[in-house]
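Open the model in your viewer and keep the selection panel at hand. This tour goes stop by stop, saying what to select and what is there.

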Amino acid sequence: MMAKLKRAAEKYPGSVFEIGSNSDLVLENSVSGNLEWTIEQFADVRNARLTLPTKFDMVDPLLRLRHGHNVTIRVSLNPEEIIRRVEFGTSRLDERITALNKLHRAGYDVGILIAPIVMLEGWQDMYERLFRTMAERIDPDILRGVLLEIIFMTYGFVTEQINKEAFPGAVQLHNGSSMAFCGRSRYGYTQPVKAEASAFLRERIAHWLPEARIAYIV
């Protein structure tokens, strides 16, 4: 697979390869070491990039690697309340921010996902606190021009049934008044709800993180 990536990089210069769409490679690396191998194998490629997202903080094994400055690690952040109530088993907010700062200081290109946006009761206050924490805790050099990817939650009833069995008493995520069918057995927030929430998020990000850039809100 690495040989194929390198050949593709030669054929399509400027390519960005998303390598973390099916699993969290930082978590997986804590067992397999595969991400460390991948980063060092790709370090000498000069005309393409690797990128991956993570919700975990176990980045210390990556800090000493020869990465060639061509790897982007995007850390997913959410309010602590959402992490505790929805993102079971993942790293806490403070741990993720610490990992983000470590990666930046080790020379990695970093990005930030705010995902998934989950509109539980009081969600505006939760995200207000998140943006304030980001402004206070993230290295200023990161916040100067960092790209923010903002993704609203989509939810499937199959997933809901699995979660009910795996996590009894977990918070109910489906909301019939604010969500609608969006295809492939999944539900998402309606366009009017998303439009109003997007306006709120843009305004509060502009207030707390004025030098950051929003790549997209979907």
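At what angle do helix H2 and helix H3 pack, and how far apart are their axes? Select residues 25-32 for H2 and residues 34-42 for H3. The model is predicted, and in it the two helices pack at an angle of about 105°, with axes 6 Å apart. Angles from 65 to 115 degrees count as roughly perpendicular, so H2 and H3 are roughly perpendicular to each other. Now show the side chains of the contact. From H2, pick Leu25, Val26, Glu28, Asn29 and Ser32.

**Next stop: H7 and H10**

Select residues 123-137, helix H7, and residues 191-208, helix H10. Their axes lie 10 Å apart and the packing angle is about 25°. That angle makes H7 roughly parallel to H10. The crossing of H7 past H10 is right-handed. On the H7 side, show Trp123, Gln124, Tyr127, Glu128, Phe131, Arg132 and Ala135. On the H10 side, show Ala197, Phe200, Leu201, Arg204, Ile205 and Trp208. By class, the contact of H7 with H10 divides into 9 nonpolar, 1 polar and 3 charged residues.

What is the handedness of the crossing where H6 passes H7? It is right-handed. Select Leu93, Asp94, Ile97, Thr98 and Asn101 on H6. Their partners on H7 are Leu130, Thr133 and Arg137. The contact of H6 with H7 has 3 nonpolar, 3 polar and 2 charged residues.

**Two backbone details**

Zoom to Ala115 and Pro116. The peptide bond from Ala115 to Pro116 is cis, with omega near -10°. Pro116 sits in strand S4.

Then go to His69. Where does His69 lie? Look in the loop between helix H4 (60-63) and strand S3 (71-77). Phi of His69 is near 60°, a positive value in a residue other than glycine.

**Last stop: the largest pocket**

The largest pocket has a volume of about 550 Å³. Its lining takes in 25 residues. To centre the view, select Val86, Tyr155, Thr159, Asn163 and Leu173, which lie nearest the centre of the pocket.

Which elements give two or more residues to the lining? They are strand S4 (109-117), strand S5 (147-152), strand S6 (154-156) and helix H9 (157-166). Highlight H9: the largest share of the lining, 4 residues, comes from this helix. Strand S4 brings you back to the element that holds Pro116.

Notes:
Residues numbered from 1 in each chain as written. Predicted model: local features only at pLDDT ≥ 70, side-chain atom pairs only at ≥ 80, totals over all residues. Heavy atoms only, no water. 1 Å grid on protein atoms, 1.4 Å probe; cavity = no way out; pocket = protein on both sides within 12 Å on 5 of 7 lines; lining within 4 Å. Points joined across faces, edges and corners; volume = space filled by probe spheres on them. Axes fitted to C-alpha atoms, helices over the stretch in contact; angles between N-to-C directions. Parallel < 35°, antiparallel > 145°, perpendicular 65-115°, else oblique. Left-handed = near helix turned anticlockwise from the far one by under 90°. Contact = heavy atoms within 4.5 Å. Nonpolar A, V, L, I, M, F, W, Y, C, P; charged D, E, K, R; others polar.
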